Amino acid sequence: MQDQTDASMVGTLRTLETPRLLLRPWRDDDREPFAAMSSDQDVMRYLLPFASPGAVTAWIERQMSHLRQHGFCFWALESKQTGEFVGATGLHRLSYDAHFTPAVEVGWRLARKHWGHGYAVEAATKALQFGFEYLGLLEIVANTAPANVNSQKVMTRLGMTHEPRDDFDHPLVPKGNPLRTQVLYRMSRGAWLTRAGWSEANNSPGGAGEGNRTLV
């Protein structure tokens, strides 16, 4: 069975909203704070570093291209109260081969000053809602290094589950790099809908309960 991605989302530069955050398309003025965040060793501890400033810009451009092509990406994350850049959170189609691909992942990276406020869970929950309830994805995954306990706690709080047999060597991470081994967390659409309290009658994008799922 294939993911039932809503064609109306493709090419739409959509913004998602939570009580405290905006998940929005990237702007030119996001480049500087994103580059600063990406140079923070604590933020990048469990991520591959960017090779150059140009690679940072290329990453943002790939997100916008992905948004135009698929209707979602790792959106720029903004505080509604202050307008400040918080980080990046969202969904992305994986570009590598693994035992669980093709797949869509949920991911996040936040500037260190914004840690400890529950923003990762809040934003990622919205991304999962969008993926399951509007795009009709059948499964969403997340992965990180085994030592990244904090991200695994976020995944658990999101309702994702981990089976050790799913762990894998990341094909885009060089052999010998400690980040090559990754733990995989998964969530099915059925698990999300049950967790969200949907009944079978509105168990599809555009179902009877969609009016209560507010997007911007």
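## Strand pairing and a helix contact in a predicted model

Strand 2 (residues 21-24) and strand 3 run antiparallel and are joined by four bridges. The model is predicted: local features need pLDDT of at least 70, side-chain atom pairs count only at pLDDT 80 or more, and totals for chains, interfaces and linings use all residues. Residues are numbered from 1 along each chain as its sequence is written, and side-chain values use heavy atoms, with hydrogens and water left out.

Helices (H or I, at least four residues) and strands (E, at least two) are DSSP runs numbered from the N terminus, and two strands pair if DSSP finds at least two bridges between them. Strand 3 (residues 74-79) is mostly covered, with six of its six residues buried (under 20% relative accessible area, 1.4 Å probe, protein chains only). Strand 3 is also joined to strand 4 in antiparallel fashion. In the hairpin of strand 3 and strand 4, five residues lie between the strands, and Gly 83 takes a positive phi near 75°.

| Strand 3 residue | Partner |
|---|---|
| Ser 79 | Leu 21 |

Helix 3 (residues 119-134) and helix 5 (residues 189-196) pack at an angle of about 115°, with their axes 10 Å apart; axes are lines fitted to C-alpha atoms over the stretch in contact, and angles run from 0 to 180 degrees between N-to-C directions. Helix 3 contributes Thr 125, Leu 128, Gln 129, Phe 132 and Glu 133 to the contact, and helix 5 contributes Arg 189, Trp 192, Leu 193 and Ala 196 (contact means heavy atoms within 4.5 Å).

Definitions and conventions
Buried < 20%, exposed > 50% of the residue type's maximum accessible area, 1.4 Å probe, protein only.
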